[in-house]
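Let's take a look around a two-chain model together. Have the structure open beside you as you read.

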Amino acid sequence: MTIGELWRRLRFWRRRDALTEELAEELESHIELLARDFEGQGMSRAEALANARRRLGNVGRIRETSRDSWGFPLLDAAAQDLRYALRGLRKNPAFTAAVVLTLGLGIGANAVMFGVVDRLMFRPFPYLRSPGHVHRVYLRSTDRGREVVSSATEFTRYLDLQRWTTSFSQTAAFTDRSIAVGSGAAARERIVALVGQSFFDFFDAVPVLGRFFLNEEAAVPKGANVVVLGYGFWQTEFGGRDVIGQSLQVGPLHCTIVGVAPRGFVGVAEDGPPPAVFLPITTYASNHSNVRQRENYYRNYNWGWMGMMVRRKPGVSRDQASADLTGAYVRSWNAERALSPGLPPAETAQPSALASGMKSAAGPDPGLEARTAVWVAGVALIVLLITCANVANLLLARALRRRRETAVRVALGVSRARLLGQCLVESLVLAVLGAAAGLLIAQWGGVGIRRLFAATGTATPEVITDGRTLAVAGIAALAVGLIAGLAPAVLAGRARISESLKSGARGGGGVRNRTRVRSGLLLAQVALSVGLLIGAGLFVRSLDRVKSLRLGYDVEPVLVATPNFRGIPVTDQEQIAVGRRVLQRSRELPGVESAAWAGSFPFYSSSGTGLYIPGIDSVSKLGRFTYQNATADYFATMGTRVLRGRPFNAQDRSGTPLVAVVSESMARVLWPGRDALGQCMKVGADTMPCTTVVGIAEDAHQRSLIGDAHLHYYLPLEQFGEGEGFILIARVRGDPVHEVETLRRELQKEMPGEGYVVVRRFGAMVDSQRRSWRFGATMFSAFGVLAVLVAAVGLYGLIGYNVDQRMHELGVRVALGARRMDVVRMVTRQGVTLSILGTAVGAALALFASKWLQPLLFDQSATDPLVYGGVAALLVLVAVVACVSPARRASGADPNVALRAE
Amino acid sequence: MTEIRPEVLPGTLDLLIMKTLSLGLMHGYGIAQHIHRLSGDALRVEEGSLYPALQRIQLKGWVTSEWKVSATGRRARFYRLTSAGRRQLGLEESGFHRSVAAITRVLRGAES
């Protein structure tokens with residue numbers, strides 16, 4: 001079709017009503033002229049007119065054929081189908097609601113899960129230039145036969161990898177910290193992004209005000225006191241005013257604001273609140289509270305605290321980049337070994353590096369949460385399949401009910417293609433409505449799911465339905481519409497006209513065949529639902545296990561307070577004095593049962609140092625040992641049980657013999673077959689005097705809920721490093737949520753200057769460790785229940801439909817002497833058989849998948865017969881319930897009605 | 001054996017209409033009459049296909065139309081060949097002659 005023709009067609013289309021009239025007039029005049037001719041041949045006027053009309057033929061057809069030139073026949077047909085579909089849907093609101101709701105749930109579930117997975121793994125960071133070439137560096141090495149992957153690295157290592165590689169056009173160091181920003185009462189803990197030289201060069205971002213950092217401001221070893229504000233922080237805290245040159249306190253530092261990042265710029269912050277401010281990473285490191293770190297962070301290898309990002313040069317493949325990094329890492333490993341000879345040689349440790357996903361979920365070691373999210377996204381797809389099957393079933397049932405209407409239309413000459421088109425238009429309309437419902441559900445349910453899954457306290461209001469999610473929902477809707485619409489369309493197209501016309505809505509030959517299709521769809525639904533429910537059961541039990549797991553301490557009544565002395569040059573002595581005052585103060589509070597002071601804390605920080613045991617060559621070969629230095633009340637406050645010997649007491653002070661309490665596992669590993677009590681440990685160096693083991697405590701989880709080796713020991717605070725770290729632990733009597741603020745208020749009174757206290761619930765800290773299982777349990781359960789409901793409705797519909805179809809036959813049976821009970825049994829048997837078959841298939845599927853699901857579970861077999869059995873029983877029960885009402889109807893089959901109908 | 005009715009060859013209706021219009025302005029009835037007469041009453045144009053064909057050719061841009069009062073004093077729609085239509089007519093005419101010649105050759109060949 002040429003442009004000119006298209007244009008004329010459009011013009012004709014706009015004038016089509018006038019053209020129709022003109023054509024009528026033209027034909028009228030044609031008839032008139034013809035008639036005059038005939039009259040000229042000697043016919044009467046009436047005869048001539050009749051003859052002329054006959055000559056012209058069917059005026060309606062001429063008009064119809066001409067009309068083809070006046071518009072867009074295909075579009076017209078589609079519009080007509082659309083109107084027809086909408087009319088049909090309006091006439092049948094219950095059916096429409098059922099389909100739209102089912103579709104909405106399926107599409108909504110997928111939209112939400114796509115959003116979660118997309119955010120976790122795929123969506124590039126805003127403003128990042130050609131994100132396909134930007135990678136995060138992951139370091140791998142073998143530690144005691146186990147491969148360790150880490151994205152955290154030392155600044156010195158970063159410098160090594162930068163210096164000794166040639167594959168990259170850009171490299172940058174980055175990390176973030178939670179630091180108090182602001183002064184006085186306005187100070188709040190906020191996310192501070194720490195970024196190295198050329199970090200901003202990775203992005204196409206232009207500051208809305210001022211500039212980003214100059215290279216010399218992020219120089220090694222000492223960066224300048226300058227900050228760039230995040231857009232959101234600038235808006236909320238400064239009202240978007242010109243702030244360039246103003247001062248902002250970040251931790252202890254008084255910094256000058258040099259710029260403001262553009263809207264939406266988050267750097268490489270993965271989730272949670274966007275960074276409030278950006279600070280040069282070397283400024284942070286060179287002002288670190290630990291003297292050893294701040295002076296040596298760029299030349300020693302014992303502080304792995306940051307990440308490294310790189311941009312590949314054009315033409316360098318990922319594999320080449322990784323190989324280049326590995327070479328540099330081996331060199332760096334040897335450099336480290338020159339400083340600390342205790343490090344195993346590169347041949348043993350096999351250090352290697354990898355340029356992989358910027359988002360850790362897309363990296364080589366995605367972590368439980370990301371892996372669980374991927375599973376749940378798969379589950380959402382299954383829900384969509386179930387939805388699809390169910391909608392196809394509903395449409396099919398409807399197509400069967402309308403069989404007679406269809407047959408009439410085929411007999412009247414409607415083409416099969418047109419019928420198929422109509423079916424498709426109808427199902428696409430349903431799919432679009434379903435997608436709209438799904439997006440509503442996604443928007444509404446997504447907030448809750450994000451809260452369940454993501455880190456707490458997301459600052460920005462989340463828009464779930466962004467462009468990418470919309471696109472995915474659209475594609476899902478289109479696919480569902482096509483799949484669910486085509487099945488009934490094909491079956492409807494096959495309807496045999498004469499048969500349907502003869503037998504009406506009832507009976508006909510194809511029924512059994514179509515029932516088989518519907519049963520197959522239902523079987524698939526039941527099987528998939530069973531799979532989901534089994535997954536749900538496994539995750540729920542995992543969550544139960546992880547919740548009831550004895551961690552080696554009590555969690556709920558414990559509060560953790562971390563004082564922050566900032567802006568004040570506090571000496572160790574002053575800090576200890578403040579610490580003692582704070583400890584004393586907390587003990588006096590009525591809500592506090594007991595309080596202790598520790599240098600590190602589970603799931604918050606950990607300490608390690610050299611450990612030497614007489615008679616053992618290399619203790620570090622046996623595992624990684626961590627310790628806590630704590631006051632005597634530690635065990636009572638935490639609820640950690642000392643199984644043998646004694647905890648510390650007030651007599652274990654500096655000057656008295658050194659003592660330690662070790663964990664059960666540590667005692668077993670270090671002194672197998674011997675009594676650990678009374679043994680000698682040398683802590684820090686092998687020249688130290690003996691530290692005597694006086695107690696053995698139960699194993700306690702320190703850094704992880706799974707795979708923790710529990711090689712941990714406790715030292716009296718006054719004997720070992722009183723000034724190192726300060727964490728106050730309080731065991732409270734009342735509601736811990738309520739006590740958090742009370743404790744914070746009281747402790748704040750003891751803080752000098754601008755110092756402040758952060759109080760956290762230990763329960764919340766541990767909870768975040770359990771997130772992946774809670775997420776899995778909740779989502780599998782929600783989707784599983786959803787799937788079963790959908791399947792139950794489908795089963796009810798199918799059995800009910802079959803009963804309606806067989807009412808006649810059942811009536812005859814009753815007339816021939818069948819008892820009511822026989823009829824009920826016959827109807828129920830069909831549903832139960834179907835569900836048992838489906839359960840078997842679903843269980844087989846679950847067994848097949850169990851191998852991959854196993855690592856995500858906690859202390860729970862993925863083939864737990866209890867879960868499988870429970871789900872099977874539940875499904876049979878659901879089937880029986882779904883059959884009750886149709887069976888009752890069937891038992892009321894009236895022989896009189898049946899016989900009279902013949 | 002049924003008698004073959006003298007109808008317009010399929011696909012040639014457009015050609016005949018345009019050839020007719022190359023003589024000048026004409027209304028639908030006139031076109032039909034002209035073809036009928038010129039073919040020595042051998043060809044009869046079905047009115048049922050004449051008018052849709054006129055719409056189709058207008059859409060192609062080969063013919064335009066306007067309402068005028070005819071010699072008999074009636075309002076009628078008169079069709080006119082456009083310059084694009086004149087070019088198209090030339091193309092179709094020569095194409096037609098070529099295929100007729102080819103068909104004739106084949107028919108003769110089959111007879112001998």
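Predicted model: local features only at pLDDT ≥ 70, side-chain atom pairs only at ≥ 80, totals over all residues.

Residues are numbered from 1 along each chain as its sequence is written, and chains are lettered from A and ligands numbered from 1 in the order in which they are written.

**How confident is the model?**

pLDDT is the predictor's confidence in each residue, on a scale from 0 to 100. Chain A averages 84, and 93% of its residues score at least 70. Two stretches need some care. Over residues 455-461 of chain A, pLDDT stays under 50, and the model has 12 contacts there beyond four places in sequence. Residues 504-509 of chain A also stay under 50, with 10 such contacts. Two residues are in contact here if their C-beta atoms, placed from the backbone, lie within 7 Å.

**Chain B**

Chain B has four helices and three strands, in the order α-β-α-α-β-β-α along the sequence. Helices (H or I, at least four residues) and strands (E, at least two) are DSSP runs, numbered from the N terminus. Of the 112 residues in chain B, 29% are buried. Buried means that 20 or more other C-beta atoms lie within 10 Å of the residue's own; exposed means 12 or fewer, and partly exposed is in between, with C-beta atoms placed from the backbone. Take the contacts in chain B between residues at least 6 apart in sequence: 48% of them join residues at least 24 apart.

Now for a pair of helices. Helix 2 (residues 28-38) and helix 3 (residues 47-60) of chain B pack at about 120°, their axes 11 Å apart. That angle makes helix 2 of chain B oblique to helix 3 of chain B. On the helix 2 side, Gly28(B), Ile31(B) and Ala32(B) meet Glu47(B), Leu50(B), Tyr51(B) and Leu54(B) of helix 3. By class, this contact has five nonpolar residues, one polar and one charged. Nonpolar covers Ala, Val, Leu, Ile, Met, Phe, Trp, Tyr, Cys and Pro; charged covers Asp, Glu, Lys and Arg; the others, Gly among them, are polar.

**Where the chains touch**

The contact takes 14 residues from chain B and 22 residues from chain A. Helix 2, helix 3 and strand 3 (75-81) of chain B each supply at least two residues of chain B's side. Which element gives the largest share of that side? Helix 3 of chain B does, with eight residues. By class, chain B's side has five nonpolar, four polar and five charged residues.

**A helix pair in chain A**

Chain A has a helix pair worth a look too. Helix 24 (residues 771-815) and helix 25 (residues 820-853) of chain A pack at about 150°, with axes 10 Å apart. The two are therefore roughly antiparallel to each other. Angles run from 0 to 180 degrees between N-to-C directions, and axes are lines fitted to C-alpha atoms, for helices over the stretch in contact. Under 35 degrees counts as roughly parallel, over 145 as roughly antiparallel, 65 to 115 as roughly perpendicular, and the rest as oblique. Residues that meet here include Leu795(A) and Ile799(A) in helix 24 and Val823(A) and Leu834(A) in helix 25. This contact divides into eight nonpolar residues, three polar and one charged.

**Some backbone spots in chain A**

Most residues other than glycine have a negative phi, and most peptide bonds are trans.

The peptide bond from Val220(A) to Pro221(A) is cis, with omega near 5°. Pro221(A) sits in the loop between strand 6 (209-210) and strand 7 (226-229) of chain A.
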